[in-house]
Amino acid sequence: MALPGTPGQRISDLCNGYHISQKELAEKIGVSASQLSRIVGSEMKTVSSDILMGAAKEFKVSTNYILGFSTVSVRKSYDISELGLSEGAVKGLVQSEKNSLQELDKE
């Protein structure tokens with residue numbers, strides 16, 4: 001079930017929360033300010049995948065959050081380079097999580 005509001009409203013809320021203007025966001029994601037303004041102002045009912053993915057990446061939120069399918073704004077997966085962790089560190093974390101889950105299954 002979708003949340004109330006539009007993707008444009010959620011993008012606007014994110015801009016406000018991150019103290020970034022719509023013009024700045026448009027520049028960062030490579031679209032015209034007028035195109036983003038039409039989305040935020042609900043003049044356009046659809047959001048292109050480029051804008052959706054650009055906004056999600058810029059604000060580090062899930063595309064499902066912007067679309068209104070999730071109340072959880074935090075992405076579930078990250079590029080290792082975005083986390084600043086080495087591949088070895090990530091493998092260690094994953095292995096540790098697997099071990100923890102196996103211990104829970106035994107209980």
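**Overview. The protein chain holds seven helices and zero strands.** Helices (H or I, at least four residues) and strands (E, at least two) are DSSP runs, numbered from the N terminus. The model is predicted: local features need pLDDT of at least 70, side-chain atom pairs count only at pLDDT 80 or more, and totals for chains, interfaces and linings use all residues. Residues are numbered from 1 along each chain as its sequence is written, and side-chain values use heavy atoms, with hydrogens and water left out. Along the sequence the pattern reads α-α-α-α-α-α-α. Of the 107 residues, 27% count as buried (under 20% relative accessible area; exposed is over 50%, partly exposed in between; 1.4 Å probe, protein chains only). The accessible surface comes to about 7400 Å² (Shrake-Rupley method, 1.4 Å probe), and carbon and sulfur atoms supply 53% of that surface. Among contacts (heavy atoms within 4.5 Å) with a separation of 6 or more, 43% join residues 24 or more positions apart.

**View 1. Helix H2 packs on helix H4.** H2 spans residues 22–29 and H4 spans residues 49–59. Their angle is about 105°, and their axes lie 10 Å apart. Axes are lines fitted to C-alpha atoms, for helices over the stretch in contact, and angles run from 0 to 180 degrees between N-to-C directions. The angle makes H2 roughly perpendicular to H4 (65 to 115 degrees; under 35 is roughly parallel, over 145 roughly antiparallel, the rest oblique). H2 contributes Leu25, Lys28 and Ile29 to the contact. H4 contributes Ile51, Gly54, Ala55, Glu58 and Phe59. By class, the contact of H2 with H4 has five nonpolar, one polar and two charged residues. Ala, Val, Leu, Ile, Met, Phe, Trp, Tyr, Cys and Pro count as nonpolar, Asp, Glu, Lys and Arg as charged, and the others, Gly among them, as polar.

**View 2. Helix H1 packs on helix H3.** H1 covers residues 7–17 and H3 covers residues 33–40. The angle is about 115°, with the axes 7 Å apart. H1 and H3 are therefore roughly perpendicular to each other. Gly8, Gln9, Ile11 and Ser12 of H1 meet Leu36, Ile39 and Val40 of H3. This contact of H1 with H3 divides into four nonpolar, three polar and no charged residues.

**View 3. The buried residues of H4 face several helices.** Ile51, Leu52, Gly54, Ala55, Ala56 and Phe59 are the buried residues of H4. They pack against H1, H2, H3 and helix H5 (63–67).

View 4. Lys60 sits in the loop between H4 and H5. Is Lys60 buried or exposed? At 51% relative accessibility, Lys60 counts as exposed.

**View 5. His19 also has a positive phi.** Phi is near 55°, and the residue is other than glycine. His19 lies in the loop between H1 and H2. Its relative accessible area is 74%, so His19 is exposed.

**View 6. Gln22 belongs to helix H2.** At 28% relative accessibility, Gln22 is partly exposed. Which residues does Gln22 contact, leaving aside neighbours within four places in sequence? They are Cys15, Leu36, Ser37 and Val40. The C-alpha atoms of Gln22 and Leu36 are separated by 7.0 Å, and the two residues are 14 apart along the chain.
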